[in-house]
Every structure is written in C-alpha cells, then in structure tokens.
Amino acid sequence: MRVLVTGISGFLGYYFIQYAPKAWRVSGTYLHHQPFKDSLFFKEIDLQNISKIRKFIKKVKPDAIIHTAAISKPAQCQSNPDASYRLNVVTPTYLALAAR
C-alpha cells in the first residue's frame, strides 16, 4: 500500500511513520524541517500550492493520504488566524480535490 503523509517531519507525522507497517510504501511532504528517515521518499512542498500538491500526488500515486500537517498550537492559531485557517481548513480541501 502506498501512503502519502503530509507534515511528515512534524510531531504527529514523525510518530505515524515510526509505527507504520513495514509493508507500506510511505512518502511525505514537509515544509521547513527535512525528515531524518532515509528510507522514505519525501519532498518539501508548501501545501498552499495546489498545483504542486497535484503534481506530487500524481508522482507517488498514493492509495491513502494521511494529513498530519497543521498549525496545532492555540497561541499560533490566535496570533495568525489567516495562516492557521489556510493550513487547517483550506489545505484538506486541496488534498481531497487533488486526490480525485
């Protein structure tokens, strides 16, 4: 099974890939911090860019997408509501549209 994990170097994404079944072919996206796991295929992508999302999804052909990228700290969400809305609300919509 091919699985695409967004936010692969974040807290949730990192732990998700640590416990993912070995049979899964995991690929992922990150924005600022490159993942440490050498056996994965990952790419730096701004998830606000739907054309880059589409291109990456087309390349990796995932059977499933696990969206772990988020602005999760309440203080960050409050201090930057536009960015948190885009990543936490709009980006999942982009991912769903790109996966169709």
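This is a predicted model: local features need pLDDT of at least 70, side-chain atom pairs count only at pLDDT 80 or more; totals for chains, interfaces and linings use all residues.
What is the volume of the largest pocket? Residues are numbered from 1 along each chain as its sequence is written, and side-chain values use heavy atoms, with hydrogens and water left out.

**View 1. The largest pocket.** Its volume is about 770 Å³. Among the 26 lining residues, L31, A69, A70, I71 and L87 are the closest to the centre of this pocket. A pocket here is an open set of points on a 1 Å grid over the protein atoms alone, where a 1.4 Å probe fits and protein lies on both sides within 12 Å along at least five of seven lines; a lining residue has an atom within 4 Å of a point. The volume is the space filled by probe spheres set on the points, which are joined across faces, edges and corners.

**View 2. What the pocket lining is made of.** Helix 1 (11–19), strand 2 (25–30) and helix 4 (81–99) each give at least two residues to the lining of the largest pocket. Helices (H or I, at least four residues) and strands (E, at least two) are DSSP runs, numbered from the N terminus. By type, the lining has 11 nonpolar, 12 polar and three charged residues. Asp, Glu, Lys and Arg count as charged; Ala, Val, Leu, Ile, Met, Phe, Trp, Tyr, Cys and Pro as nonpolar; and the others, Gly among them, as polar.

View 3. Look for T6 in strand 1 (residues 2–6). T6 is buried, with a relative accessible area of 0%; buried means under 20%, exposed over 50% and partly exposed in between, using a 1.4 Å probe and protein chains only. Beyond its neighbours within four places in sequence, T6 has contacts (heavy atoms within 4.5 Å) that include T29, L47 and L95. A polar atom of the T6 side chain lies 3.3 Å from the backbone nitrogen of A69.

**View 4. Aromatic pairs.** The whole structure holds four aromatic pairs. One of them, Y14 with Y15, is edge-to-face, at 5.0 Å centre to centre and 85 degrees between the planes. Rings of Phe, Tyr and Trp (its six-membered ring) pair if their centres lie within 6.5 Å; planes under 30 degrees apart are stacked, over 60 edge-to-face and the rest tilted. Y14 is partly exposed at 35%, and Y15 is partly exposed at 40%.

Key: A polar contact is a pair of N or O atoms within 3.5 Å; within protein, one must be able to donate a hydrogen and the other to accept it, and residues adjacent in sequence count only if both atoms are side-chain atoms.
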